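Please open the structure in your viewer and keep the selection panel within reach.

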Amino acid sequence: MSDSKKPKRRIGRPPVLDDAKRQDVFMILRMGMSVQSAADFAGICSRTVYRTAEKDSAFADAMRKARSQGEVRLVSTIFEAVQKKDWKAAGWLLTHCYRD
């Protein structure tokens, strides 16, 4: 077998943020939780999540979408709670997760 037909093996450390951990991060973000909480749940450092987003635009896009879904979920909870006259808990969570 010539060198050009051999499968290329990746040299170095395997990525800390593998596919399963990426899915964990997205799941927690879709719940409306912070990047820190998502990283903790996945068993990684939050800086790893941010660094991966800087290097991988597809991951960054998926992360933005998951965070948006989480924000919409929290806002929906506020709207439902407002109708029941009890929106303070959801409002607190929203202000602490989305400070912009």
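**Before selecting anything**

This is a predicted model, in which local features need pLDDT of at least 70 and side-chain atom pairs count only at pLDDT 80 or more, while totals for chains, interfaces and linings use all residues. Residues are numbered from 1 along each chain as its sequence is written, and side-chain values use heavy atoms, with hydrogens and water left out.

**The whole chain**

Show the chain as a cartoon and follow it from the N terminus: the elements run α-α-α-α-α, which is five helices and zero strands. Helices (H or I, at least four residues) and strands (E, at least two) are DSSP runs, numbered from the N terminus. If you then colour by accessibility, 29% of the 100 residues of the chain count as buried; here buried means under 20% relative accessible area, exposed means over 50%, and partly exposed lies in between, with a 1.4 Å probe and protein chains only.

**The largest pocket**

Next select Arg13, Pro14, Pro15, Val16, Leu17, Arg22, Thr48, Arg51, Thr52, Lys55 and Asp56, which line the largest pocket. On a 1 Å grid over the protein atoms alone, a pocket is an open set of points where a 1.4 Å probe fits, with protein on both sides within 12 Å along at least five of seven lines, and lining residues have an atom within 4 Å of a point. The volume of this pocket is about 300 Å³, a volume being the space filled by probe spheres set on the points, with grid points joined across faces, edges and corners.

Which helix gives the most to the lining of the largest pocket? Helix α3 (residues 46-55) does, with four residues. By residue class, the lining has four nonpolar, two polar and five charged residues, where Ala, Val, Leu, Ile, Met, Phe, Trp, Tyr, Cys and Pro count as nonpolar, Asp, Glu, Lys and Arg as charged, and the others, Gly among them, as polar.

Asp56 counts as partly exposed because its relative accessibility is 24%.

A salt bridge here is a side-chain nitrogen of Lys or Arg within 4 Å of a carboxyl oxygen of Asp or Glu, and by this rule the count comes to three. For another, select Arg47 and Glu54, whose side chains meet at 3.3 Å, N to O; Arg47 is partly exposed at 37% relative accessible area, whereas Glu54, at 59%, counts as exposed.

Then move to helix α4 and select Arg64 and Asp61, which are three residues apart and so separated by about one helical turn. Their side chains meet in a salt bridge at 2.4 Å, N to O, and Asp61 is partly exposed, with a relative accessible area of 44%.

**A nonpolar patch**

Now switch to a surface view and select Met27, Met31, Met33 and Phe41, which form a nonpolar patch with about 350 Å² of accessible area together. Patches are made of residues with over 30% relative accessible area and no salt bridge, like charges being joined within 9 Å and nonpolar side chains (Val, Leu, Ile, Met, Phe, Trp, Tyr) within 5 Å; accessible areas come from the Shrake-Rupley method with a 1.4 Å probe, and for residues only the protein chains shown count as cover. Met31 lies in the loop between α1 (19-30) and α2 (35-42) and, at 39% relative accessibility, counts as partly exposed.

**Contacts across the sequence**

Keep the loop between α1 and α2 in view and select Gly32, which is placed there and counts as buried because its relative accessibility is 0%. Its C-alpha atom is 7.9 Å from that of Leu94, 62 residues apart along the chain, and the C-alpha atoms of Gly32 and Ser68, 36 residues apart, are separated by 8.3 Å. Ser68 is found in helix α4 and is partly exposed at 41% relative accessibility.
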